[in-house]
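User: I would like a close look at one part of this model. Please keep it short and plain.

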Amino acid sequence: MKITIGRKIIVAFLVILILMGAIAGITFQGFNKITSSLDTMEREAVKRGASGNLRFSIAQLLMAPNDYIVTEKEYYHREYNRLNSRVDDFYRQFLQLQLTEEEQQLVGQIKQDLDSIRTYSAQIFSIQHPRQSPKAWALMEVMDYRFGNDVNLKTTEIFDGISKRIEQHRLLALANKKNATNLVYGVSFLCFVISLVVSYLIAQRISKPIVTVTKAANGIANGDYSLRPVVKTHDEIAVLAQSFSRMAESLQQSQRALA
């Protein structure tokens with residue numbers, strides 16, 4: 001098969017392009033890993049914010065019946081209804097997020113505590129003069145120190161678990177970034193060396209036959225018709241070397257005939 005100089009150059013460019021493609025592929029893979037970690041961190045951060053909102057809204061909900069007992073003002077009953085709707089909104093928003101199995105269990109337990117808080121709150125608001133009612137104070141104490149604390153513990157557990165995962169993904173993103181950077185630098189250096197070697201070999205395979213033909217041409221020009229350029233390639237230079245050999249043979253025969 002005849003391999004032209006153009007094909008040799010194309011092969012060199014193809015090798016370099018393949019190496020550049022390898023660098024691009026490694027870079028893209030590392031970028032995807034980093035992006036995946038960052039996306040996970042963003043989702044976890046949204047979930048953490050939602051858990052914080054739920055905990056704060058339930059704490060506000062608990063304050064309304066407490067204030068009603070102390071002040072006996074109907075305003076706090078209306079405030080309780082408003083906060084109750086707000087708690088429902090935050091609870092639904094939290095359920096729509098991608099929760100782990102452990103988080104789903106904790107959210108179910110929070111819902112039970114929340115239902116108990118609503119039951120106890122309804123009893124407190126049904127008392128006309130709660131400040132003078134021992135029952136109202138007993139209900140408030142159970143509601144705050146049992147169900148309120150349980151909700152706080154469970155939401156804190158969710159919050160801390162999410163924070164821990166965010167930190168893990170942050171460290172993973174940094175590790176992926178470092179690994180991708182080191183890998184890209186290493187592969188880039190290797191590709192640079194391979195490109196130099198390939199370019200050198202291609203240049204040698206092209207220039208060496210040219211030097212051989214040039215020496216033969218100079219010899220023929222100086223009257224030495226015995227020189228025959230030997231080129232082992234199968235490209236245009238080999239054809240040129242054969243032409244020089246035939247020309248030298250013809251000139252040598254003509255010289256012999258003249259002699």
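Which residues does I58 touch, not counting residues up to four places away in sequence?

Analyst: First, the ground rules. This is a predicted model, in which local features need pLDDT of at least 70, side-chain atom pairs count only at pLDDT 80 or more, and totals for chains, interfaces and linings use all residues. Residues are numbered from 1 along each chain as its sequence is written, and side-chain values use heavy atoms, with hydrogens and water left out.

Now to I58. Leaving out residues up to four places away in sequence, I58 touches V87, I110, L114, I117 and V151. Contact means heavy atoms within 4.5 Å.

Next, the core. The largest nonpolar core holds 33 residues. Such a core is a set of buried Ala, Val, Leu, Ile, Met, Phe, Trp, Tyr and Cys residues joined through side-chain atoms within 4.5 Å. I58, L61, I117, I124 and I158 have the most contacts inside it. Helix 1 (5–71), helix 2 (75–95), helix 3 and helix 4 each give two or more residues to this core. Helices are DSSP runs of H or I, at least four residues, numbered from the N terminus.

Now the rings. The structure has four aromatic pairs. Rings of Phe, Tyr and Trp (its six-membered ring) pair if their centres lie within 6.5 Å; planes under 30 degrees apart are stacked, over 60 edge-to-face, the rest tilted. Y75 and Y76 are edge-to-face, because their centres are 5.1 Å apart and their planes at 75 degrees. Y120 and F147 are also edge-to-face, at 5.3 Å and 65 degrees. Y120 is in helix 3 (residues 101–125) and F147 in helix 4 (residues 134–221), 27 residues apart. F147 is buried, at 7% relative accessible area. Buried means under 20%, exposed over 50%, partly exposed in between (1.4 Å probe, protein chains only).
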